[in-house]
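Hi there,

Here is the structure I promised to pass on to you. Have a look at it first, and then read on for what turned up when I went through it.

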Amino acid sequence: QAQLVESGGGLMQAGGSLRLTCMANGPTFSRLMMAWFRQAPGNQRELVASITSVGSTYYVDSAKGRFTISRDNAKNTVNLQMNSLKPEDTALYYCAAARSDVQTEYDYWGQGTQVTVSS
């Protein structure tokens, strides 16, 4: 069982940067595939970025070149560095974990952290 807690959201002007952090409680963090999702009002939840247990990463097209996902297995954390923020990045950002790198569904979810980007 893993519990996920996000932090780092907030209000930022367009062009600015934010760093989201997700801390996972549980003994098997290094084997988890970790991801960041986001959901804006009226929109479906969207996978923003993911990182496998061996460090392979995925980014949605809108995040490529601006966002970087990373993990620190010693600290049980996964980060999402968001640069060049745009108003359309405004959403509730969720951390998620899957027990296997080959899963398409995620097993554990955080409560979310709000990111608001003003123009």
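**Strands and sheet**

Let's begin at a pair of residues you can find quickly: Q3 stands opposite N25 in β3. Please keep in mind as you read that this is a predicted model. The strands β1 and β3 run antiparallel and are joined by five bridges. They belong to an open sheet of four strands, in the order β1-β3-β8-β7, with antiparallel pairing. At the edges are β1 (3-7) and β7, each of which pairs on one side only. From one strand to the next, the twist averages 15 degrees.

**The disulfide**

How many disulfides does the structure hold? There is one, and it joins C22 to C95, with an S to S distance of 2.1 Å. C22 lies in strand β3 (residues 18-25) and C95 in strand β9, so the pair ties together parts that are 73 residues apart in sequence. The link of C22 and C95 is left-handed, with -80 degrees about the S-S bond. Both cysteines, C22 and C95, are buried.

As a general point, nonpolar side chains in soluble globular proteins tend to be buried together. In this model, the largest nonpolar core has 30 residues, and M34, W36, L80, M82 and Y93 are the ones that touch the most other members. At least two residues of this core come from each of β3, β4 (33-39), β5, β7, β8, β9 and β11 (113-118).

Leaving aside its neighbours within four places in sequence, L80 is in contact with L18, R19, L20, W36, V48, A49, F67, T68, I69 and Y93. Another core, of seven residues, lies apart from the largest one, and its members include M33, A96, A98 and Y106.

**Salt bridges**

Searching the whole structure gives five salt bridges. Here are some of them.

- R38 and E46 form a salt bridge, with their closest N and O atoms 2.8 Å apart. R38 is buried, at a relative accessible area of 7%, whereas E46 counts as partly exposed, at 28% relative accessibility.
- R66 and D89 meet through their side chains in a salt bridge, at 2.8 Å from N to O. This pair links distant parts of the chain, 23 residues apart: R66 is in the loop between β6 (57-59) and β7 (67-72), and D89 is in the loop between β8 (77-82) and β9 (91-98). Both R66 and D89 are buried.
- D107 and R99 form a salt bridge too, and here the closest N and O atoms are 3.5 Å apart. D107 is partly exposed, with a relative accessible area of 29%, and R99 is exposed, with a relative accessible area of 51%.

F29 is in the loop between β3 and β4. Is F29 buried or exposed? F29 counts as buried, because its relative accessibility is 2% and the cut-off for buried is under 20%. Beyond its neighbours within four places in sequence, F29 is in contact with A24, M34, R71, D72, N73, N76, T77 and V78. F29 and A2 are 27 residues apart in sequence, and their C-alpha atoms are 8.0 Å apart in space.

T52 is in the loop between β5 (46-51) and β6. T52 is buried as well, with a relative accessible area of 13%. Again leaving aside neighbours within four places in sequence, T52 is in contact with L32, M33, R71 and D101. R71 is listed among the contacts of F29 and among those of T52.

Best wishes

Conventions
Residues numbered from 1 in each chain as written. Predicted model: local features only at pLDDT ≥ 70, side-chain atom pairs only at ≥ 80, totals over all residues. Heavy atoms only, no water. Salt bridge = Lys/Arg side-chain N within 4 Å of Asp/Glu carboxyl O. Buried < 20%, exposed > 50% of the residue type's maximum accessible area, 1.4 Å probe, protein only. Disulfide = S-S within 2.5 Å. Contact = heavy atoms within 4.5 Å. Pairing = 2+ DSSP bridges. Axes fitted to C-alpha atoms, helices over the stretch in contact; angles between N-to-C directions. Core = buried A, V, L, I, M, F, W, Y, C linked by side-chain atoms within 4.5 Å.
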